[in-house]
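This report goes through a predicted model. The sections below take up a sheet, a helix pair, a ligand shell and a single residue.

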Amino acid sequence: MREIEFKNTKEKVVLKFFDRTSDIFNDLEGKKCFFICDANVLSAHPAVTTWLDESKAIKILLDHPEAQKNLESYKKIIEALKVNSFTRKDYLIGLGGGATTDLAGFVAATYMRGMRFIQIPTSLLGQVDASVGGKTAINFDGIKNFVGSFYNPEQIFINTEFLSSLNEQEFLNGLAEVIKHAIISSEESLNEIFNEKSAIVAKEPETLSKIIDNSIAVKESIVSEDFNEAGKRKFLNFGHTFAHGIEYANRKQPILHGHAVVIGMLMASTYSEHKGMLDAVDLEKIKKVIGSFNYNFSNINLDVETIVEGMKSDKKNQSEKIALILLQGIGNPVLHEEGNIENLTNFIRDFAENFEK
Ligand SMILES: NC(=O)c1ccc[n+]([C@@H]2O[C@H](COP(=O)([O-])OP(=O)(O)OC[C@H]3O[C@@H](n4cnc5c(N)ncnc54)[C@H](O)[C@@H]3O)[C@@H](O)[C@H]2O)c1
């Protein structure tokens, strides 16, 4: 087991890398724990179910985590914590993908004004993104992450064994954020992903641990400088404004967020080059890295007017301008407030016409 303490977070947050799932549970021995679990993860990892059954831990299972990341689940969990006399000093543990850990985080943040909290993310997206940075949330009235808070777990347990059961498209969904963290941090990180692509796709544990570790370090360093998203944290939205537009254009047949982010990153990089901010060589490198993974874009709708409509409603926009994170180089993201919507629309039209699905 390898242990890293986040350097700059206000509260102590410890990241632990485990080689085996069983070691995670040795670490929890003797603690009073309430688990919020993704049922799909338990089905795929029977040893975890056995441990939970043998321990005195109480658990609630989520069969459809994203659909259950809501007020009803929140209430049910708060009631169960109360009935079982959990106090602030006991542990709430989120074990699952980002939907599960977001819900768990929101419960932990608010039960008795905050209880002890551990994240055990099991999807790649959860490991490199959702469980890091302290954002917790539930969906409300059909609006994603409408109710939430900032609350850090005291520990985050990472074990790449969990990823063995994640399907390819979900894995690529998380990999989009790994690629994003590399693009906004350094050319070296991006080269590493390219050089290790076969080992990444083969889910080779040592390579995955290294890539996940680096990716978390990028997010942690940005978040620690800007926990409440007043400045630098916006760089984590690289590719995301375009992606929100793409998701909006595909809302009737939703696509995975990470797949929209990948196209969004290609759009943002190409737009940066178009504006003379990014070298053509760097753009080619970004395209080459993304193109080396098996993203399937064949069913994605790139209707220009709808994409722009979706981008206009992005909550990060100020007044009539569209807030974009562009690149002045790999590892050098900048905030750009685009006021010329006609230019942007023409660019997206051109991009969509030339995009090879
Ligand atoms: N808090 C944050 O900063 C933050 C950041 C990004 C995303 N999020 C949130 O995270 C969620 C997306 O995360 P996600 O992609 O992990 O979604 P998810 O939790 O819905 O998991 C995706 C699918 O993978 C399954 N799964 C998870 N781990 C598995 C495993 N090891 N083996 C087999 N199947 C597994 C789940 O059951 C689900 O079907 C969204 O709700 C999003 O809002 C939060």
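## The sheet and its helices

Strand E3 (residues 33-38) runs parallel to E4, and the two pair over 5 bridges. Within this pairing, Phe35 stands opposite Lys59 in E4. Helix H4 (residues 71-83) packs on the sheet and touches E3 and E4. The direction of H4 makes about 170° with that of E4. H5 also packs on the sheet, where it touches E3, E4, strand E5 (91-96) and strand E6 (116-121). Between the directions of H5 and E5 the angle is about 165°.

The sheet as a whole is open and has 7 strands, in the order E1-E2-E9-E6-E5-E3-E4, with mixed pairing. Strand E1 (2-5) and strand E4 (58-62) each have a single partner strand, so one side of each is left without a neighbour in the sheet. On average, and with direction ignored, neighbouring strands are turned by 15° against each other.

## The H7 and H12 pair

Two packed helices are described by the angle between their axes and the distance between the axes. For H7 and helix H12 (residues 257-274), the axes come within 7 Å and cross at roughly 35°. The crossing of H7 past H12 is left-handed.

On the H7 side, the contact is made by Leu172, Asn173, Gly174, Ala176, Glu177, Lys180 and Ile183. H12 contributes His257, Gly258, His259, Val261, Val262 and Met265. Sorted by class, this contact has 6 nonpolar, 5 polar and 2 charged residues.

## The ligand shell

How many residues surround the ligand? There are 28, and the closest are Asn40, Gly97, Gly98, Ala99 and Ser123. The shell has 8 nonpolar, 12 polar and 8 charged residues.

Several elements each supply at least two residues of this shell: helix H2 (39-44), helix H5 (98-110), helix H6 (124-130), strand E8 (143-150) and helix H7 (168-185).

## Leu344

Is Leu344 buried or exposed? Leu344 lies in helix H15 (residues 341-354). Leu344 counts as buried because it has 20 C-beta neighbours inside 10 Å, and the cut-off for a buried residue is 20 or more.

Leaving aside neighbours within four places in sequence, Leu344 is in contact with Val308, Ile322 and Glu338.

Technical notes
Residues numbered from 1 in each chain as written. Predicted model: local features only at pLDDT ≥ 70, side-chain atom pairs only at ≥ 80, totals over all residues. Near = placed C-beta within 6 Å. Helix = DSSP H or I, 4+ residues; strand = E, 2+ residues; numbered from the N terminus. Nonpolar A, V, L, I, M, F, W, Y, C, P; charged D, E, K, R; others polar. Buried ≥ 20, exposed ≤ 12 C-beta atoms within 10 Å, placed from the backbone. Contact = placed C-beta atoms within 7 Å. Axes fitted to C-alpha atoms, helices over the stretch in contact; angles between N-to-C directions. Left-handed = near helix turned anticlockwise from the far one by under 90°. Pairing = 2+ DSSP bridges.
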